[in-house]
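I opened this notebook to keep track of how charged side chains pair up. My entries follow the order in which I looked things up.

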Amino acid sequence: MAADRHDGIRAELARARAGDKVHGAYLFEGPPGVGKRETALWFARLLLCKGAPPEAREPCGRCHDCRLLAAREVGPDARPTHPDLHWVDPDGAWIKIEAIRELRSALGLVANEGGRRVALIPEADRLRAESANALLKTLEEPPPNTVLILVSTSPELLPRTLRSRALRVRFPPWSERAIAAALEADGMSADDAALAAQLGGASPSAARAWADESLEFARELRALLDESGALPVTRVLDFAEDFRRAGEEGRGRARAFIELQSAFAREKAAAAAKSGDPRALERWLRAFESASKARVELARHNTNPQLVVESLLLELAGPGTG
Ligand SMILES: [Zn+2]
């Protein structure tokens, strides 16, 4: 899938460089897989490039810095190295305070290549409180010519003080239709592309991951939802039983079920609105709401996936529905 280039955001960042108005810290935020990291790395390249004139919209690609920064690997996980580009990564589950201390001492020195320094934190959501506070000190007394770029899918998890010190750049989610079109352009059938896009929510990378796995399971779920109004309760309980599997697998399957149920309810609600059926509309909006709640339950409270799926399906399978 072609990565979304976010031309508008890039133009804005290039203008800041041209006008010598580059901020000390940026917070790139948005759903997973929309191209935040790629854009952050692109901006780091533009900031470190010494061959491009100030008004340039792109790094020159030819200077010493650009050559150093040319990624050997491609993709969102590419990690090009440059003496003035500092990556701050988690060690295990969290970004440890040692990593922030190292960064602070590295930024205390003059730039190796005599220009700007850039610090990139591609998984800023994994800053724990003490690391975030240590980083905050850097933001409060920014070393000269230094730019910090934090990338986050859940900025609300970061301390407010940290957020308020950074210039927030919001990356919009993709529409389901755009994701499906991109998957279709890659040769997937229209039905499968629509299914993968529904499963991926607003994230092209999540949709791609679904598309790369077998969609067989998703097709089964979708078929079940289509007949859910006529399902006997025993069949629902049998089906939900299947989600009792231990650990991540059961949760992953339940997450997929929730995304499909949510998309299904949304379709039905749209159809009910179109045909002017207020009772059906209300019912499907409620089902949609239940899916949203179930998503939070599963993520936050470690709820048993079997129970989550069971209650969603029983709601749909209730008498007099369809
Ligand atoms: Zn260059």
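Is Asp-192 buried or exposed? I began there, and I found Asp-192 buried, with a relative accessible area of 15%, where buried means under 20% relative accessible area, exposed over 50% and partly exposed in between, using a 1.4 Å probe and protein chains only.

I noted that this is a predicted model, in which local features need pLDDT of at least 70 and side-chain atom pairs count only at pLDDT 80 or more, while totals for chains, interfaces and linings use all residues. Residues are numbered from 1 along each chain as its sequence is written, and side-chain values use heavy atoms, with hydrogens and water left out.

Next I looked up the partner of Asp-192, and found a salt bridge with Arg-219 whose closest N and O atoms are 2.7 Å apart; the term stands for a side-chain nitrogen of Lys or Arg within 4 Å of a carboxyl oxygen of Asp or Glu. Because Arg-219 lies in helix H10 (residues 216-226) and Asp-192 in helix H8 (residues 190-199), the pair ties together parts that are 27 residues apart in sequence. Helices here are DSSP runs (H or I, at least four residues), numbered from the N terminus. Arg-219 is partly exposed, at 36% relative accessibility.

I then turned to Glu-267 and Arg-222, whose side chains meet in a salt bridge (3.0 Å, N to O). Glu-267 lies in helix H12 and Arg-222 in helix H10, so this pair joins parts 45 residues apart in sequence. I recorded Arg-222 as buried at 17%, and Glu-267 as partly exposed at 38%.

Conventions:
Helices (H or I, at least four residues) and strands (E, at least two) are DSSP runs, numbered from the N terminus.
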